[in-house]
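Please keep the sequence and the model in view while reading.

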Amino acid sequence: PKSGDPPNPGWYPLVGSLPFLREPLEEFLSEKQFAKQPVVVLYMGLEKLYCLNTYEAIKDAFISQGDKFLGRQQTFILPELTGEKAGIILSEDEQWRLYRRLSLKTLRDFGFGRQGAEEIILGEVEELRSRIEDQGIQAGLPLDTVPLLSTAVSNVICQMVFGTRLASEDPEFGRVLEMFQRITQSQNNRTRSMVFQLHQDYYVKLKPLLRLVIALRRKQINIFGELIKFCRKQLEKHKADLGSPEHPRDYIEAFLHQQASNPSEFNDVRLSLAVLDLFIAGTDTTSQTLRWAILFLIENPEVEKRLVDEIKRVVGSDRQVTMKDKSQLHYTQAVIDEVNRMACLAQLGVAHRCTETAKVCGYEIPKDALVLFNIFNVHNSVDHFPQPECFQPERHLDQEGRYSPDEHLVTFGIGKRACLGESLARMELFLFLANLVQRFTFRLDPEETRTIAEIKANPGHQGGGIRAPAVHKIQFNSRCEEE
Ligand code: HEM
């Protein structure tokens with residue numbers, strides 16, 4: 001380390017800080033010695049990794065100097081596998097600008113001549129309700145919320161992207177979903193996988209090492225390859241039946257129309273990678289947040305009661321909760337923010353690459369450095385959220401009880417590279433949660449031997465790298481029959 005470098009947890013030659021780190025990394029970096037440090041540097045073996053640890057540092061980097069932090073880490077596996085570098089999440093420069101702009105526009109304009117996003121989500125809410133009634137309540141069985149919620153959420157993306165409810169209707173998609181769930185439920189040691197990714201330049205130069213790494217990662221690479229094949233098949237189907245450019249029926253159609261005028265930017269491989277990114281970024285994140293929400297409500301019955309009372313008062317029990325109700329459901333919105341605060345789903349964000357040397361809160365971050373941001377530390381900061389360990393939706397309400405969002409909630413990141421699906425995700429969280437709560441009560445499987453705290457701690461790190469509760473089952477009951 002040079003003088004003036006950010007603080008580090010300790011280091012040795014060659015292995016760097018690795019002997020000093022503890023999992024989960026976001027919690028380690030939020031311990032007392034680091035909690036108030038704006039920037040921390042980790043020596044991950046031979047490479048440095050910077051972590052923006054406080055809200056001030058994240059804002060300084062991603063808002064005040066946003067243009068210097070628009071890069072992403074470049075990987076060798078995608079070019080090796082596909083010949084292209086990226087879709088949306090890992091793209092940079094012109095490709096990123098084009099894909100981000102068009103993806104946002106396409107998702108925002110959603111309507112696509114047929115159904116709006118709200119209608120699609122409400123259709124899935126209904127589908128979910130009947131699955132819970134048939135497979136859970138009628139059969140008297142507690143349900144694993146991973147397949148239940150991830151099918152519902154991926155059906156939403158399926159309709160937007162492919163134009164069909166593939167997740168339920170196409171037997172081939174059952175396999176695709178299973179592949180996603182294998183990624184979701186994989187046991188993931190974040191530190192080990194970060195070290196692996198940070199050293200990829202070495203493997204690319206040392207071919208025998210590259211072969212070894214590919215052999216070790218073969219399973220994940222195969223899953224990825226199959227998913228890409230599936231997307232390409234969908235592109236072919238759409239090409240055979242392309243509608244009018246004025247009213248694209250889905251995301252793929254909108255992009256295929258662009259392909260006609262700009263075939264190299266919008267080639268088939270990039271399009272497939274972009275589609276895959278929407279699934280990777282948009283399925284598990286939303287469905288795992290809903291799993292957290294159910295656990296928090298079981299743990300906090302007084303919150304659940306107030307939530308149900310609000311929904312009954314504003315909406316009643318005879319019709320679905322819709323987006324029109326949202327502005328009156330202040331407490332419901334506050335509950336969702338509190339779920340997002342405590343779930344800290346993308347705990348350390350997605351790494352940005354610093355494209356030009358920058359100074360953040362007084363510390364130099366060199367060009368090409370990789371930079372994470374500690375959402376967990378910001379969401380657990382006593383300065384912004386007093387008694388952060390308590391689930392208190394009231395903190396997101398003003399004196400009059402009106403919903404009042406807090407800028408320190410950084411669930412979706414901030415700045416130009418923040419989550420592209422935020423408004424869709426917010427709509428899904430609101431509609432799925434409010435409608436589930438209106439219809440059902442939740443209880444942990446009576447046969448469960450672990451406590452909720454143990455399930456939340458998820459010692460096996462299941463969750464494919466995001467903060468997810470361990471696998472468990474929930475017993476649903478019909479709310480009106482219980483009351
Ligand atoms: C609760 C649900 C979600 C959470 C917590 C979440 C969180 C995040 C975070 C933290 C980032 C990184 C931001 C950064 O690098 O600064 C991100 C990026 C991204 N998210 Fe989400 N997300 C969610 C849902 C979605 C959905 C539904 C979609 C798609 C429709 C989506 C698509 C993306 C994409 C494409 C990116 C990369 C953006 C870019 O690189 O320009 N996300 N998300």
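Glu-23 is placed in the segment before α1 (25-28); helices (H or I, at least four residues) and strands (E, at least two) are DSSP runs, numbered from the N terminus. The model is a predicted one, in which local features need pLDDT of at least 70, side-chain atom pairs count only at pLDDT 80 or more, and totals for chains, interfaces and linings use all residues. Residues are numbered from 1 along each chain as its sequence is written, and side-chain values use heavy atoms, with hydrogens and water left out.

With a relative accessible area of 31%, Glu-23 is partly exposed; buried means under 20%, exposed over 50% and partly exposed in between (1.4 Å probe, protein chains only). Glu-23 and Arg-190 are 167 residues apart in sequence, yet their C-alpha atoms are 8.0 Å apart in space.

Two strands pair if DSSP finds at least two bridges between them; β1 and β2 (residues 47-52) pair in the antiparallel sense over 6 bridges. Val-39 has Leu-52 in β2 as its bridge partner.

Helix α15 (residues 268-282) has 15 residues, which should span 21 Å at 1.5 Å a residue, and its end C-alpha atoms are 21 Å apart, in agreement. The expected span is 1.5 Å times one less than the number of residues. Of the 15 residues of α15, 13 are buried. At the start of α15, a side-chain oxygen of Asn-267 comes to within 3.1 Å of the backbone nitrogen of Val-269.

α15 also takes part in the shell around the ligand: α5 (93-108), α15, α16 (284-299) and α20 each supply at least two of its residues. The ligand is surrounded by 25 residues, the closest being Arg-72, Trp-96, Arg-100, His-352 and Cys-419; a residue counts as near if one of its heavy atoms lies within 4 Å. The shell divides into 15 nonpolar, 7 polar and 3 charged residues.

The iron atom of the ligand has a single donor from the protein, Cys-419 (SG), at 2.3 Å. Donors are N, O and S atoms within 2.8 Å of the metal (3.2 Å for Na, K and Ca). Cys-419 is found in the loop between α19 (375-379) and α20 (422-439). Elsewhere on the ligand, an oxygen atom lies 2.8 Å from a polar side-chain atom of Arg-100, and an oxygen atom of the ligand is likewise 2.8 Å from a polar side-chain atom of His-352.

Conventions
Polar contact = N/O pair within 3.5 Å; in protein donor to acceptor, adjacent residues only side chain to side chain. Nonpolar A, V, L, I, M, F, W, Y, C, P; charged D, E, K, R; others polar.
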